[in-house]
Amino acid sequence: MIDEKQIQSWVADKTITQKQAEKMLADVSRSQEESRSNKMIVAASTVGALLLGIGAILFIASNWEVIPDLIKVLLALVCTGAAYYLGYLFAYGNKSLPKVGSALLFLGALLFGGTIFLIAQIYNVNANASILVLIWLIGILPLIYALASVPIAVLGVGLFYTWLFLLIQESSWRLNEVTFPAFFLFSGLILFGLGSIHYAWDRLKNIARTYRLTGIKVALIMLFLYTFEEFSGSNDEVGFGIALFGILALLVSVVNLFFNISKRETNILENASIIGIVLFTLLFVYIPPSVVFVVLFNVLFAAVVGTVLYTGYTNEDVRLVNTGMFWLGVFIIAKYFDFFWDMLPTSAFFMTGGLILVLGGIALERKRRKITERFK
Amino acid sequence: MKKTFLYIALFWIVIILLFVGVKEYTLQTGTEVLLKTQPVDPRDLFRGDYVILSYEISSLDVNTEVRAGQKLYVPLTIVDGYGVAGTPQFSAPEGLFIKGESQYDTESRVRLEYGIESYFVPENQGRPLERNPELEVLVAIDSSGNAVIKKVFLEGEEVTFE
């Protein structure tokens, strides 16, 4: 990003004239203004659409018994259709209000889900049925890919994980404190890998990034759980399902490793790390439990956070750096509590902890800003 | 792009029509059976108040090993106007039957869900139903054993909400 310092240095080197420098500065300023304005419009429209969608869903949830069921369904369909059509018109038809159009399309995706749940209510379909969330997800998948829309992709990922949770509750799978994190860890790594594969299509690069970032976050949460002794219990009842899921994560990583679809410098590091994590976790899940694994998971988690930070720094990815910094902070605080809660008197514990938090927080924030400044 | 939007709209309409169609098929063509229940009332944020229904046919004796998640077919006979369950089987029997899913591994008594365990009520109106466990539910059961709730009765009178 060109800034004032750079422009002035070009003037000093006589690369450009002062008049040209003033024009460039004005253009840079206008472009920054426009970018800020665009972001505000997107944020306001998306929040507005979200509130409207939540309002519609809560409206349905209030069981408005006065209106006949058929009319309720028609109302829901009309609202969904209207949001969808207006969204198309503003964003792709006459293109008069593209940001508002995108927000309306997001609203349409939410209202489609509202319609599904309304119909389920009318027919008294079992509450929390995972099939309803799956139908909603299947319905919006074409929209995610046709529009390459990040908000709808985020909704899709949210629905995917909601569906998984409900499916586990309904099914005969018996996930315990060992297999539950493994299942979702592998799901996060698979999502990351699938995201990388999406880089094969240039128009889907924002979807790719959404999937990768979400996958990393889910994987980090599950790895973090494994750093605690409470998640290293017995693994007597582990079936082959977890292994299959792990193998799927391995396959996706191997494909990305050899074909480097994401075209990233850190491709080997990313996918070799994933393969290592999967193999180590499978070992942990299937062999008798030992406290050694807890120690090794702590080391692994620290290494993964370091990898995330390194990858973020190398790819100049602010969000990755922020994610890495966040988890570094959480890890330090959690381990401080874990180790010192019983060892120190309560007052010393809180005073020392507070000091570390304040000083550590300042240091981490300075480091984060330094790194992200370099990207500008 | 216009065609893409049109196809997606058609896709959504097909999904909704299929969903409605499957349930309407059971309601319109299914055999009506009255079942006795025992309700409990939770709150579901996304779909309003609903009453959890547990039936007399929800917990049945079996004489073989049943795994959680396994589909079972329960023959029904009408006795004194109510559906009474026979022994659950692994394949669809002749005559009237209802399809359920086992909730636990068992070798003696199986807990089954039939997809009719929720009844939606207006906000805060589930309590009277909860406090009166003598609910009876009229369900429609189609030829594949799928059931949909048609009406709910409390002490012999149909439950309606103003």
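**B:D80 sits in the loop between β5 (71-79) and β6 (82-85) of chain B.** This is a predicted model, in which local features need pLDDT of at least 70 and side-chain atom pairs count only at pLDDT 80 or more, while totals for chains, interfaces and linings use all residues. Residues are numbered from 1 along each chain as its sequence is written, chains are lettered from A and ligands numbered from 1 in the order in which they are written, and side-chain values use heavy atoms, with hydrogens and water left out. Helices (H or I, at least four residues) and strands (E, at least two) are DSSP runs, numbered from the N terminus. The phi of B:D80 is near 55 degrees, a positive value in a residue other than glycine. B:D80 counts as exposed, at 72% relative accessibility; buried means under 20% relative accessible area, exposed over 50%, and partly exposed in between (1.4 Å probe, protein chains only).

**A:N260 occupies the loop between α9 (241-259) and α10 (267-286) of chain A.** A:N260 is a residue other than glycine with a positive phi, near 40 degrees. With a relative accessible area of 24%, A:N260 is partly exposed.

**Strand β11 (residues 147-154) of chain B has six of its eight residues buried, so it is largely enclosed by the rest of the structure.** Two strands pair if DSSP finds at least two bridges between them. β11(B) runs antiparallel to strand β10 (residues 135-141) of chain B, and seven bridges join the two. Five residues separate β10(B) and β11(B) in their hairpin, and B:G145 in the turn has a positive phi of about 90 degrees. β11(B) is also joined, by two bridges and antiparallel, to strand β12 (residues 157-158) of chain B. Here B:L154 stands opposite B:E157 in β12(B). The hairpin of β11(B) and β12(B) has two residues between the strands, and B:E155 takes a positive phi near 50 degrees.

**Chains A and B meet through 40 residues of chain A and 41 residues of chain B, counted as in contact (heavy atoms within 4.5 Å).** Buried area is the accessible area (1.4 Å probe) that two parts lose on being put together, summed over both. Between chain A and chain B this area is about 3,400 Å², and carbon and sulfur atoms give 68% of it. A:Y84, A:Y123 and A:N124 supply 21% of the area that chain A buries against chain B, more than any other three residues. Between the two chains, four residue pairs are in polar contact, both residues being at pLDDT 80 or more. On the side of chain A that touches chain B, the elements giving two or more residues are α2 (18-61), α3 (69-93), α4 (98-122) and α5 (130-147) of chain A. α4(A) gives the most, with ten residues. The residues of this side of chain A divide into 26 nonpolar, eleven polar and three charged. Ala, Val, Leu, Ile, Met, Phe, Trp, Tyr, Cys and Pro count as nonpolar, Asp, Glu, Lys and Arg as charged, and the others, Gly among them, as polar.

**A:R209 and A:D317 form a salt bridge, with the closest N and O atoms 2.5 Å apart.** A:R209 lies in helix α8 (residues 205-226) of chain A and A:D317 in the loop between α11 (291-314) and α12 (318-340) of chain A, so the pair ties together parts that are 108 residues apart in sequence. A:R209 is partly exposed, at a relative accessible area of 25%, whereas A:D317 is buried, at 10% relative accessibility. A salt bridge is a side-chain nitrogen of Lys or Arg within 4 Å of a carboxyl oxygen of Asp or Glu. The structure holds eight salt bridges over all chains, with a count of zero between chain A and chain B.

**A:E270 and A:R212 meet through their side chains in a salt bridge (3.2 Å, N to O).** This pair links distant parts of the chain, with A:E270 in helix α10 and A:R212 in helix α8 of chain A, 58 residues apart. A:E270 is buried, with a relative accessible area of 7%, and A:R212 is buried at 6% relative accessibility.

**A:R30 is placed in helix α2 of chain A.** A:R30 counts as exposed, at 51% relative accessibility. The side chains of A:R30 and A:D27 are joined by a polar contact of 2.5 Å. A polar contact is a pair of N or O atoms within 3.5 Å; within protein, one must be able to donate a hydrogen and the other to accept it, and residues adjacent in sequence count only if both atoms are side-chain atoms.
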